[in-house]
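Hi,

Here is the structure I promised to pass on. Have a look at it first, and then read my notes below.

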Amino acid sequence: MLSSTNSTLTISGRWQKIRHPLLLQHQQELWVFHLDTTLPQLSGNKWLKLKYHIILAQKMQKSGIATFGGAFSNHLAAVAAMCKHHNMQSLAFLRADNLDLDNPTLALCKQQGMDFTLLDRQQYRQRAEVEFIQHIQQQYPSMLLVPEGGSSIEGVRGVTELDLLNTPAGPANVIISPSASGGTVAGIINATKDVTRVLAIAVVKDDSLKQRITSLLHHNHNHNWQLITGYCGAGYARFDEPLLQFCRQMAKQQLYLEPIYSGKALAALFSLIAAGQIPRRARLSFFHTGGLQGLAGLHYRGLITAADYALLSGLEAY
Ligand SMILES: Cc1ncc(COP(=O)(O)O)c(C=O)c1O
């Protein structure tokens with residue numbers, strides 16, 4: 001399995017077997033894969049999505065990485081940490097009207113040396129437009145521009161190195177991952193080469209997501225996957241009490257989840273199991289994509305209590 005040490009950054013893979021009455025009822029096995037790093041902002045899909053961006057930036061002799069994100073973005077937190085670790089600069093084009101450095105995500109980014117340029121909602125909408133990108137690139141020629149979420153060819157390449165197929169009990173029949181900007185699932189599909197079924201659980205309401213995933217796939221790996229929509233609730237980053245309750249239950253077996261990405265997607269998987277949509281006796285492999293830093297932002301905005309913040313982040317365990 002993927003495991004390496006880069007000066008002070010240690011990366012290690014870990015499988016966790018999950019217990020749940022629905023799994024017993026359907027005679028299924030569920031394994032969650034964690035990719036842990038000593039810099040927690042890089043755990044899950046983050047280090048994988050950024051490693052080839054860093055290599056490209058170094059090859060192009062850029063001084064750092066510039067990227068896009070919202071005020072509570074896991075991707076911005078990861079870019080800031082990754083750049084600091086590699087002695088590179090980081091710059092965020094931040095979707096915000098003002099720079100709130102009490103926000104724990106932005107405070108963390110700032111601490112790692114990240115600079116910010118604020119974009120209003122209208123400007124931010126242009127983030128993937130060629131002219132806008134060219135304009136930014138001209139303004140910041142020494143920075144490598146990385147798309148929102150790190151979902152580029154480089155981001156996908158890193159995820160492709162992940163082995164989600166071989167659980168400790170044998171090969172999985174279905175691999176499941178949350179999906180937002182598409183790169184993570186594209187990497188998983190490219191890695192499994194259509195041999196294993198991949199379910200991408202959309203955690204955003206975005207009609208272009210399927211097309212974005214498809215555009216990042218190797219041409220011949222295009223069939224054995226499905227984008228599951230309809231489990232996004234009220235929208236991206238929205239969650240309700242039953243979803244929080246699900247995350248609390250999982251925390252009791254040391255599976256720590258936030259309700260925006262992995263928590264929402266895993267809850268969706270259990271809904272699919274309950275609805276009989278997942279084959280009986282299947283062995284399931286679920287990718288925990290990280291993002292636990294986001295819990296601090298939810299607590300900061302009063303969207304979860306201090307007790308939930310401690311429980312869901314695993315802080316209570318220490
Ligand atoms: C914690 C977490 N999980 C999952 C995702 C979704 O991955 P992707 O954007 O590659 O679809 C993101 C967003 O990038 C994320 O921050």
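The side chains of Gln293 and Asn74 make a polar contact with each other at 2.7 Å. Please keep in mind that this is a predicted model.

I stayed with Gln293 for a moment. It sits in the loop that joins strand S13 (283-287) to helix H12 (294-300). Is Gln293 buried or exposed? Its relative accessibility is 17%, so Gln293 counts as buried, the limit for buried being under 20%. Leaving aside neighbours within four places in sequence, Gln293 is in contact with Phe72, Ser73, Asn74, Ala77 and Thr105.

Now to the ligand. Its shell holds 15 residues, and the closest are Lys49, Ala180, Ser181, Thr184 and Thr289. By class, the shell divides into eleven polar, two charged and two nonpolar residues. Domain 1 (3-44 + 153-317) and domain 2 (46-150) each supply at least three residues to this shell.

Some distances may be handy when you open the model:

- Lys49: an N or O atom of the side chain is 2.5 Å from an oxygen atom of the ligand.
- Ser181: a polar side-chain atom lies 2.5 Å from a ligand oxygen atom.
- Ala180: here a polar backbone atom is 2.7 Å from an oxygen atom of the ligand.

As for cover, the ligand taken alone exposes 380 Å², and the protein buries 97% of that. Helix H2 (46-59) and helix H8 (183-192) are the elements that give two or more residues to the shell.

Methods
Residues are numbered from 1 along each chain as its sequence is written. This is a predicted model: local features need pLDDT of at least 70, side-chain atom pairs count only at pLDDT 80 or more; totals for chains, interfaces and linings use all residues. Side-chain values use heavy atoms; hydrogens and water are left out. A residue is near a molecule or strand if one of its heavy atoms lies within 4 Å of it. A polar contact is a pair of N or O atoms within 3.5 Å; within protein, one must be able to donate a hydrogen and the other to accept it, and residues adjacent in sequence count only if both atoms are side-chain atoms. Accessible areas come from the Shrake-Rupley method with a 1.4 Å probe; for residues, only the protein chains shown count as cover. Helices (H or I, at least four residues) and strands (E, at least two) are DSSP runs, numbered from the N terminus. Ala, Val, Leu, Ile, Met, Phe, Trp, Tyr, Cys and Pro count as nonpolar, Asp, Glu, Lys and Arg as charged, and the others, Gly among them, as polar. Domain bounds come from an automatic or database domain assignment. Buried means under 20% relative accessible area, exposed over 50%, partly exposed in between (1.4 Å probe, protein chains only). Contact means heavy atoms within 4.5 Å.
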